[in-house]
Amino acid sequence: MDHQPKFFENLSGAGKAIAVLTSGGDAQGMNAAVRAVVRMGIYVNAKVYFIYEGYQGMVDGGDNIVEVSWESVSSILQVGGTVIGSARCKPFRTREGRLQAAFNLVQRGITNLCVIGGDGSLTGANLFREEWSGLLEELAQKGKIDAEAVKKYAYLNIVGMVGSIDNDFCGTDMTIGTDSALHRIIEVVDAIMTTAQSHQRTFVLEVMGRHCGYLALVSALACGADWVFIPEYPPEEGWEDSMCVKLSENRARKKRLNIIIVAEGAIDCHNKPITSEKVKDLVVQRLGFDTRVTILGHVQRGGTPSAFDRILASRMGVEAVLALLEATPDTPACVVSLSGNQAVRLPLMECVQMTQEVQKAMDEGRFLEAVRLRGRSFENNLNTYKLLSHKKPDAELPKTNFNVAVLNVGAPAAGMNAAVRAAVRVGMTEGHKIFAVIDGFEGFARGKIKEISWGDVGGWTGQGGSILGTKRTLPAKYLEKIADQMRTNNINALMVIGGFEAFESCVQLQEARASFEEFRVPMCVVPATISNNVPGTDYSLGADTALNAIVETCDRIKQSASGTKRRVFIIETMGGYCGYLANMGALAAGADAAYIFEEQFDIRELQANVEHLTEKMKTSIQRGLVLRNENCNENYTTDFIYQLYSEEGKGVFDCRKNVLGHMQQGGAPSPFDRNFGTKISAKAMQWISKKLKETYRKEGGKVFANTDDSVCLLGMRRRNLVFQPVAELKSETDFVHRIPKEQWWLKLRPLMKILAKYKTSYDVSDSGQLEHVAMLPKEAETGAI
């Protein structure tokens with residue numbers, strides 16, 4: 001829909017006071033949210049207060065409620081936990097406690113509250129809001145405040161953000177802290193796998209999730225675990241036998257280790273707990289396998305927040321302030337949350353009620369209902385896990401006589417191997433023969449193609465790079481040889497996993513259909529590149545892993561200067577002409593500027609940035625960070641920018657430069673990339689099966705696909721996974737610079753500038769609409785995972 005952009009300049013916070021508190025269990029990323037609320041609040045000229053120690057601090061008052069400045073939240077972005085403290089608070093559960101809290105807020109003129117916590121904390125906030133006018137009247141009766149104050153502070157506005165590592169809140173794809181907790185779990189699983197392999201051991205891992213199996217389920221999907229126990233989906237009667245059969249079958253297939261993941265709240269179908277010790281004893285007694293238990297515990301809550309959590313929390317924090325500025329006495333308390341990659345506002349109590357419905361369904365043994373209520377994303381995770389972890393006996397598999405080839409094209413990207421594994425296993429379940437092509441189209445032309453089986457891709461999810469091998473070569477110069485190979489091996493469909501080259505390759509193959517009938521088969525592109533520059537998708541496989549590598553390095557680089565004099569770092573990132581990594585890296589690392597090709601800049605802007613930094617460095621701020629995309633400008637090189645900052649900053653700060661290079665392409669895939677790769681590839685293979693059935697001609701006995709919609713790219717668009725014909729995407733593409741003509745993340749650019757203290761205009765057209773939980777398209781396959 002076309003609408004005039006709406007900017008928030010006309011939303012002023014002058015005369016308003018906003019307080020921010022964190023409550024309940026801590027979660028990584030809470031500090032990023034606190035920082036965003038404070039800076040956005042100050043940016044719109046509101047007064048901003050910290051409430052230390054959650055609701056306890058609100059009840060106790062005094063030094064627990066403090067006005068803060070811009071510098072108060074400097075250098076907290078990369079810190080786990082919450083710097084303003086969190087506490088369980090019994091007094092706030094009583095009316096007396098809430099009366100005291102209301103008095104403490106009114107004394108400071110605070111009528112806007114931003115609460116970061118779980119569903120208990122948010123429910124408490126809503127009750128407080130509902131009672132507010134009654135509490136003020138009672139305070140007036142007791143003579144603690146005057147009638148003027150009752151009138152002036154008549155309404156309390158509340159906006160919530162969900163901070164919980166369990167991802168147990170309905171209405172939001174990802175809660176703050178979930179992605180970081182998955183990072184901790186996957187780091188441990190990867191480490192355990194190497195020792196388990198050495199000794200042929202079975203490991204039982206217990207992860208958090210008393211009422212929600214999200215962490216267990218997603219980590220099982222991301223590491224290819226043999227078995228998973230979650231509260232929402234208890235195993236069927238006789239699960240002990242099925243599990244032991246599965247474990248021994250895997251050992252018989254030469255698999256040297258078994259991983260079993262247990263959520264702490266796991267139950268059987270009679271609602272009896274299944275503990276990690278019980279599972280271990282069972283394996284030892286029945287199979288005699290050497291078995292160990294590892295309980296991850298509070299490790300999952302700790303550590304530095306992931307790039308995803310920092311960006312999520314920063315976006316939510318800014319959105320929360322906008323929601324408070326726009327709130328009227330009639331707007332219900334809302335939570336800001338994420339659907340796909342879009343910030344949305346939802347009525348707080350609708351979300352809480354739905355979350356409680358899940359628990360109720362589980363208590364009453366309605367487990368399928370519980371899974372459905374958790375949302376489409378949870379359901380898809382569960383279905384994908386079931387599809388990929390258990391191989392049906394050959395006799396039970398359908399036989400289609402279709403051959404599907406899978407290949408990697410372009411530069412290696414983390415998550416490619418997870419995508420290949422999912423493609424192979426889903427393809428086999430659908431009854432096809434799957435062929436792996438080695439070294440992209442170059443290998444294809446040379447006949448480097450072989451059939452690949454279920455067991456061949458075991459353990460691939462956690463591997464970085466491309467096991468099949470990948471080349472940037474496009475098919476145009478080998479068309480005849482590739483057509484020969486497709487004919488020889490009777491290939492009926494292609495799945496191409498790769499970056500911009502994968503998209504271009506399929507465009508070329510489709511254009512060559514007129515000359516080669518072998519290319520008249522279904523083809524699907526799964527976008528995988530760290531640059532995130534593929535048209536038709538908001539996210540590409542590998543970009544999240546690269547972003548985490550950049551952010552981790554920026555943290556280290558900033559820390560290297562602590563204790564020395566004031567210093568500014570100039571950091572060059574990869575990405576070709578696409579500024580995604582530089583821009584999002586800057587947002588997640590708390591940088592002062594990011595130079596990108598998509599937003600042209602000149603010497604005046606460089607000069608303004610240097611002056612801005614110089615002013616900042618005269619305060620208590622010690623370090624500056626500037627990111628530059630490798631191709632943002634051919635003349636303003638990294639060296640040029642470094643020399644300019646060095647010269648202009650003389651006497652105030654000194655400069656260092658770093659080119660991050662290929663470390664951004666390496667490393668084990670992040671949980672997001674493993675999961676996204678697995679799910680997107682499974683969906684692509686199901687689409688290929690559907691197209692094969694539609695295009696098979698009985699009379700000729702072969703597949704004939706010649707329409708535009710038989711060559712598609714599967715991308716994530718805002719909230720949905722969408723198949724788009726590559727022919728249609730050509731018009732959306734800048735082929736010279738190899739980027740899409742429109743990119744969603746450019747809208748987040750002002751966010752980085754605001755959080756770095758620049759005056760800028762921020763388009764808020766997308767926000768401001770309160771949605772309802774039931775209306776959310778749950779196919780939000782997620783900007784979450």
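Gly-715 sits in strand E24, residues 711–717; helices (H or I, at least four residues) and strands (E, at least two) are DSSP runs, numbered from the N terminus. Gly-715 counts as buried because its relative accessibility is 0%. On the scale used here, buried means under 20% relative accessible area, exposed means over 50%, and partly exposed is in between, with a 1.4 Å probe and protein chains only. Leaving aside neighbours within four places in sequence, Gly-715 is in contact with Gly-536, Thr-537, Asn-720, Leu-721, Val-722 and Gln-724, where contact means heavy atoms within 4.5 Å. Glu-648 is 67 residues from Gly-715 in sequence and 44 Å from it in space, C-alpha to C-alpha.

Before the rest, the ground rules. This is a predicted model, in which local features need pLDDT of at least 70 and side-chain atom pairs count only at pLDDT 80 or more, while totals for chains, interfaces and linings use all residues. Residues are numbered from 1 along each chain as its sequence is written, and side-chain values use heavy atoms, with hydrogens and water left out.

On confidence: pLDDT is the predictor's confidence in each residue, from 0 to 100. The chain has a mean pLDDT of 92, with 96% of its residues at 70 or more. Residues 1–5 have pLDDT below 50, and that stretch has 4 contacts in the model beyond near neighbours in sequence. Residues 775–784 also stay under 50, and for them the model has 43 contacts beyond four places in sequence.

Next, a loop residue. Leu-474 is found between strand E15 (470–471) and helix H16 (479–488). Is Leu-474 buried or partly exposed? Leu-474 is partly exposed, because its relative accessible area is 23%. Not counting residues up to four places away in sequence, Leu-474 touches Glu-501, Glu-504, Ser-505 and Gln-508. Leu-474 and Ile-641 are 167 residues apart in sequence, and their C-alpha atoms are 35 Å apart in space.

Now the sheet. Four strands form an open sheet in the order E7-E8-E6-E9, with parallel pairing; two strands pair if DSSP finds at least two bridges between them. At the edges are strand E7 (227–229) and strand E9 (291–295), each pairing on one side only. Neighbouring strands of this sheet are turned by 15 degrees against each other on average, direction ignored. For such angles, axes are lines fitted to C-alpha atoms, for helices over the stretch in contact, and values run from 0 to 180 degrees between N-to-C directions.

Inside the sheet, strand E6 (residues 202–207) runs parallel to strand E8 (residues 258–263) and is joined to it by 6 bridges. Val-204 has Ile-260 as its bridge partner in E8. Two helices lie across these strands. Helix H9 (residues 276–287) lies across E6, E7, E8 and E9, running at about 170 degrees to E9.

Then the packing. Which residues have the most contacts inside the largest nonpolar core? They are Met-161, Ile-261 and Tyr-580, in a core of 154 residues. Helix H10 (residues 307–326) gives the most to this core, with 13 residues. A nonpolar core is a set of buried Ala, Val, Leu, Ile, Met, Phe, Trp, Tyr and Cys residues joined through side-chain atoms within 4.5 Å. Beyond four places in sequence, the contacts of Met-161 include Ala-33, Val-37, Ile-176, Met-316 and Val-336. A second, separate core has 41 residues, among them Phe-92, Leu-105, Leu-156 and Leu-348.

Last, charges. A salt bridge is a side-chain nitrogen of Lys or Arg within 4 Å of a carboxyl oxygen of Asp or Glu, and by this rule the count comes to 41. Lys-448 forms one with Asp-439, the closest N and O atoms being 2.8 Å apart. Lys-448 is partly exposed, because its relative accessibility is 33%, whereas Asp-439 counts as buried because the value there is 18%.

Glu-572 and Arg-628 meet in a salt bridge at 3.6 Å, N to O. That pair links distant parts of the chain, with Glu-572 in strand E18 (residues 567–573) and Arg-628 in strand E20 (residues 623–629), 56 residues apart. Both Glu-572 and Arg-628 are buried.

Lys-618 and Glu-615 pair at 3.5 Å, N to O, and Lys-618 counts as exposed because its relative accessibility is 56%. Finally, a network of salt bridges links Arg-95, Arg-98, Glu-131, Glu-138 and Lys-142.
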